[in-house]
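Thank you all for coming. Please take a moment with the sequence and the model on the screen, and then I will walk you through them part by part.

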Amino acid sequence: METNSTIVRSLNRTYPIPIEEKWAFARRKPMFFGYVAAQYFLSTQKQKPSRKEMDVLALAEQKEFQENEHRIQYFHWKGEGKTILLIHGWNGNTGNFARIVPALLEEGYNVFGIDLPGHGYSTGRYSNIVLSAKMVRRLVQEIGNPDIIITHSFGGAVATVAQELGVSANKLVYIAPPLRLEILRKTFSEYFRLTEEEQESMRILLERKVKQPLSSLDLGAAGPKFSNSLLVIHDEDDLEIPFSMGLAVSKAWKKSKLVQTKGLGHKMILRTESVKEEILNFLKED
């Protein structure tokens, strides 16, 4: 006799529910719009590391820690020199630094990389700046403060909030950093043509998630608090995070240097020899 799953018979649909259906539901039920919009804004898409990235990750000792419901993966390439912490961008993973890590190891650096919540091999389907910064702080409690933090994109915002939470580093390298979360929220709202009421509903839900005003997540405002040295590398053809943001972040720090590239965009900048050389030279400066 043919049998069917009880779940299939009773629900008769596919899960997870497509985002298009969630948008349609939220339009019909405005009281839920903030939840749906915030969920979509904070949802991540895990990218599988490439073969090259896998090869470099395989050279590291792979560890994890548990913090509440989050199981966080991190990587350790052991060296005798100064400690470097790598923080990737949104929808990225530690493997994104695969073109840079071998050069750091050749120079003897002790390198760690963290897969942020909802990214890489860490658990979860959602992430945000404050949650990610807290996971960085949790990792630092195990490994100690790094001498240097190298980030890409969203990782720059995470590193900044982590420093506001007590993490410290003598040098920072921010590759294509964003400036303010509010700018990214407004861009998201414009793309999906949200009304003023819908935008406000989304903002309220996001602030409940991060437990602080979105306006406080501002690298331009945070920069003057820090006395460490910052190198910003940003491409003028970056379509995801405009060059103007990197310029503003660079101006916010007391001690900073800006390297402007061209034709590399948002991701190729991580795979370029000249960018790697800029980073190595900056790390060697007194």
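Predicted model: local features only at pLDDT ≥ 70, side-chain atom pairs only at ≥ 80, totals over all residues.

Which residues does UniProt list for "domain: AB hydrolase-1"? The unreviewed UniProt entry lists residues 83-162 under that name; UniProt positions are given here in the numbering used for this chain, feature names are shortened, and annotations may be inferred rather than shown by experiment. Residues are numbered from 1 along each chain as its sequence is written, and side-chain values use heavy atoms, with hydrogens and water left out.

Over residues 83-162 the chain is 38% helix and 19% strand, with the end C-alpha atoms 17 Å apart; helices (H or I, at least four residues) and strands (E, at least two) are DSSP runs, numbered from the N terminus.

Two loop residues deserve a look. Asn91, in the loop between β3 (83-87) and α5, has a positive phi of about 65 degrees although it is not a glycine. Ser153, which sits in the loop between β5 (148-152) and α7 (154-164), is likewise not a glycine and has a positive phi, near 55 degrees.

Let me turn to the domains. The assignment, which is automatic or taken from a database, gives domain 1 (1-43 + 185-215) and domain 2 (49-180 + 217-284). Their C-alpha centres lie 29 Å apart, and the contact (heavy atoms within 4.5 Å) takes 10 residues from domain 1 and eight residues from domain 2.

Between them, domain 1 and domain 2 bury about 840 Å², 53% of it on carbon and sulfur atoms; buried area is the accessible area (1.4 Å probe) that two parts lose on being put together, summed over both. In domain 1, Leu42, Ser43 and Val210 lose the most area to domain 2, together 48% of what that side buries.

What about salt bridges, meaning a side-chain nitrogen of Lys or Arg within 4 Å of a carboxyl oxygen of Asp or Glu? Across the interface of domain 1 and domain 2 the rule finds zero, although the overall count by this rule comes to 14 salt bridges.
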